[in-house]
Amino acid sequence: MVKVTGMSKQEKREALAKLLEKNGFYCEAEDVRTDKKLKYLGLSKKAYGDSSEKLTEDVFGKDYKDLAKLCKSLKVELDPYVWFD
């Protein structure tokens, strides 16, 4: 479990980026590292077949609580769905 108390904004951003990378969201991790005014985090992955969506909570599994906590502490709105296109 990530403890955001005492972390700087940059440390939170790096923790969020690493969590995204751990779960295969490399482009989004780069956005978190570089976009200073990030307000919304939409997540998507490549689909092999028809487009679909899954709950972000289901995609991240046990990492979801840390993802949500980091986004909340950074005031970044987290999309409730991951889109597979």
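This is a predicted model: local features need pLDDT of at least 70, side-chain atom pairs count only at pLDDT 80 or more; totals for chains, interfaces and linings use all residues.
Helix α1 covers residues 9–22 and helix α2 covers residues 26–34. Two packed helices are described by the angle between their axes and the distance between the axes. For α1 and α2 the angle is about 175°, and the axes lie 8 Å apart. Since angles over 145 degrees count as roughly antiparallel, α1 is roughly antiparallel to α2. On the α1 side the contact is made by R13, E14, L16, A17, K18, L20 and E21. On the α2 side it is made by Y26, E28, A29, D31, V32, R33 and T34. By residue type, this contact of α1 with α2 divides into 6 nonpolar, 1 polar and 7 charged.

Some of the charged residues in that contact also take part in salt bridges. How many salt bridges does the model have? The count is 3. In one of them, the side chains of R33 and E14 meet at 2.9 Å, N to O. E14 has a relative accessibility of 24% and counts as partly exposed, because the buried class requires a value under 20%.

R33 forms a salt bridge with E21 as well, at 2.8 Å, N to O. Here too the pair joins the two helices: E21 lies in α1 and R33 in α2, so parts 12 residues apart in sequence are tied together. E21 is partly exposed, with a relative accessible area of 26%.

The side chains of K22 and D63 form another salt bridge, at 3.1 Å, N to O. This pair links distant parts of the chain, with K22 in α1 and D63 in the loop between α3 (56–60) and α4 (64–73), 41 residues apart.

K22 is exposed, with a relative accessible area of 54%. Is D63 buried or exposed? At 9% relative accessibility, D63 counts as buried, because that value is under the 20% limit for burial. With neighbours within four places in sequence left aside, D63 is in contact with L19, K22 and N23.

The sheet is the next element. It is an open sheet of 3 strands, ordered β1-β3-β2, and its pairing is mixed. β1 (40–45) and β2 (52–55) are the edge strands, each pairing on one side only. From one strand to the next, the twist averages 30°. The strand between them in the order is β3, which covers residues 77–84. β2 and β3 pair in the antiparallel sense over 4 bridges. In this pairing, E53 has W83 in β3 as its bridge partner.

Not counting residues up to four places away in sequence, S52 touches V82, W83 and F84. C27 is 25 residues from S52 along the chain, and the C-alpha atoms of the two are separated by 19 Å.

Two lysines in loops complete the picture. K37 is found in the loop between α2 and β1 and is exposed, with a relative accessible area of 70%. The C-alpha atoms of K37 and V76 are separated by 9.3 Å, and the two residues are 39 apart along the chain.

K75 lies in the loop between α4 and β3. At 68% relative accessibility, K75 counts as exposed, because the exposed class begins over 50%. What is the phi of K75, which is not a glycine? The phi of K75 is positive, at about 60°. Most residues other than glycine have a negative phi.

Key: Residues are numbered from 1 along each chain as its sequence is written. Side-chain values use heavy atoms; hydrogens and water are left out. A salt bridge is a side-chain nitrogen of Lys or Arg within 4 Å of a carboxyl oxygen of Asp or Glu. Buried means under 20% relative accessible area, exposed over 50%, partly exposed in between (1.4 Å probe, protein chains only). Two strands pair if DSSP finds at least two bridges between them. Axes are lines fitted to C-alpha atoms, for helices over the stretch in contact, and angles run from 0 to 180 degrees between N-to-C directions. Angles under 35 degrees count as roughly parallel, over 145 as roughly antiparallel, 65 to 115 as roughly perpendicular and the rest as oblique. Contact means heavy atoms within 4.5 Å. Ala, Val, Leu, Ile, Met, Phe, Trp, Tyr, Cys and Pro count as nonpolar, Asp, Glu, Lys and Arg as charged, and the others, Gly among them, as polar.
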